[in-house]
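Take a look at the model below.

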Amino acid sequence: MAKFIADLHIHSKYSRATSKDMDLEELDRWADDKGISVMATGDFTHPQWLAELKEKLEPAEPGLFKLKQEYKRPTIKGNLADTRFFLSAEVSSIYSRQSPSTGEKRVYRVHNLIFAPDFETVEKINVQLGWIGNLKSDGRPILGLDCRELAKIVFNANPLAAIIPAHAWTPWFSIFGSMSGFDSIEECFGEYSKNIFALETGLSSDPAMNWRLSKLDNVALISNSDSHSAPRIGREANIFDTELSYNGIIEAIKSGSPNQRKSALNQRKSAFVATIEFFPEEGRYHFDGHRACGVVFSPEETKKHNGICPKCGKKLIIGVMNRVEKLADRPEIKFEQEKFYNTYDGRVPYYSLIPLDEIIAEVYGMGVAAKKVKEEYVKLIKAFGSELKILIDLSAEELKTVADEKVVKGIMAVREKKLKIEPGFDGEYGKVKIFSEEEKEDLKSQKRLF
Ligand SMILES: [Zn+2]
Ligand SMILES: [Zn+2]
Ligand SMILES: [Zn+2]
């Protein structure tokens, strides 16, 4: 048994709009600097990527793999990483079927993650998916495949494989999406819904929003980066305390559902320690609006305008917050006191974080690509070992021994949730400000005093 962090959803360089650095060599070393022990391979449906996985990985613990020594590159700290890889893929299902609620035929667009314990299972799944559509054109293939059919293929290939609906609330491509989705797991997966033991919350929703739906009490909530470039892995992730193996991870996820954790004993024994989350407002679909019209509305404002954009007169793009509001049967969750982590009624706790380079950039009033920002980042990783350790574990006193005092203030402000956030909407990322303009002036004058 060991405590470790896992990021189970990323995309390789063979997916659209991804960085060239999304290869095994870079993922292996970046995971170490981030503090991630288990990294998704992503994209196992893609023939070229799968060939790379088979060539460059070798078996480690049951169901996990590691990069062969000859492919290792040094981390920022200069060591060689010991990252484990976990076979994963994402499929975009676009299909029409009768709506279970209205009976009308309509189009659904749902993204699902697939996890597999071995390459034989991957091969079986790929053969069947390859009959339905082209797996070569995109690392995340688009298939005209009903989610129930996808489930049939995956569980027939191996009952130990898993399907997890991805970024469950985003409007255009998810199981509960306002533009494309269903109202329940049962509607989407039919007889296979009993096999769906977890959902991915996605960047625009956090666990507390999902806890408002009693119909989700049977599923666990996982969080992953869905990253398209190596430096952004781990921006959302899962902390487990379990055996390092495929089954260890799957069982740990299952143990995280509210119903599984009902007894205090189960909570103490739980192998699902916590998740690491974005502030959901930072996600691209938190609020409603129109990007082109510059209109951004809270769910209440949208209601006032009957869902219509006052600028162009068309329907607003309904975001995650509004959609949760619609399907929820519990009131908004108010935490008793603001802690660094959030939990409620025995549920898996979560940390709300901002990536370290973004904190440093905000503190210095520069972009994340600025030289000074990168230098501070590298200095901290070299001194403390990993980004997630810096963001979660170390005290202000420990951080101060190396970090710029202003950066320490920034990290502490995130932990205390002293932030100003403009929510994201219609594809536009939200903006998080750690310091107000006034506080920034204060920081500058403090510097002048020194
Ligand atoms: Zn997706
Ligand atoms: Zn994805
Ligand atoms: Zn508009």
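Predicted model: local features only at pLDDT ≥ 70, side-chain atom pairs only at ≥ 80, totals over all residues.

Start at the zinc ion (ligand 3). Its donors are His 290 (ND1), Cys 293 (SG), Cys 309 (SG) and Cys 312 (SG), at 2.0 to 2.4 Å. The four donor atoms subtend angles of 100 to 124° at the zinc ion (ligand 3), so the arrangement is tetrahedral. Ideal tetrahedral angles at a metal are 109.5 degrees. Along the sequence, the donor residues follow the spacing H-x2-C-x15-C-x2-C.

What does the pair Cys 293 and Cys 309 tie together? Cys 293 sits in the loop between strand E13 (288-290) and strand E14 (295-297). Cys 309 sits in the loop between helix H9 (299-304) and helix H10 (320-327). The pair therefore links parts that are 16 residues apart in sequence. Cys 293 and Cys 309 are buried. Cys 312, in contrast, is partly exposed, with a relative accessible area of 37%.

Now turn to helix H4 (residues 147-157). Its buried residues are Cys 147, Leu 150, Ala 151, Ile 153, Val 154, Phe 155 and Ala 157. They pack against strand E5 (84-98), strand E6 (105-116) and strand E8 (162-165), and also against helix H3 (119-132) and helix H5 (185-189).

Cys 188 is in no disulfide. The nearest cysteine sulfur to Cys 188 is that of Cys 147, 3.6 Å away. Cys 188 is buried, with a relative accessible area of 0%.

How values were computed
Residues numbered from 1 in each chain as written. Chains lettered and ligands numbered in written order. Heavy atoms only, no water. Donors = N, O, S within 2.8 Å, 3.2 Å for Na, K, Ca; no water. Tetrahedral: all angles 85-135°; square planar, octahedral: opposite > 155°, others 65-115°. Helix = DSSP H or I, 4+ residues; strand = E, 2+ residues; numbered from the N terminus. Buried < 20%, exposed > 50% of the residue type's maximum accessible area, 1.4 Å probe, protein only. Contact = heavy atoms within 4.5 Å. Disulfide = S-S within 2.5 Å.
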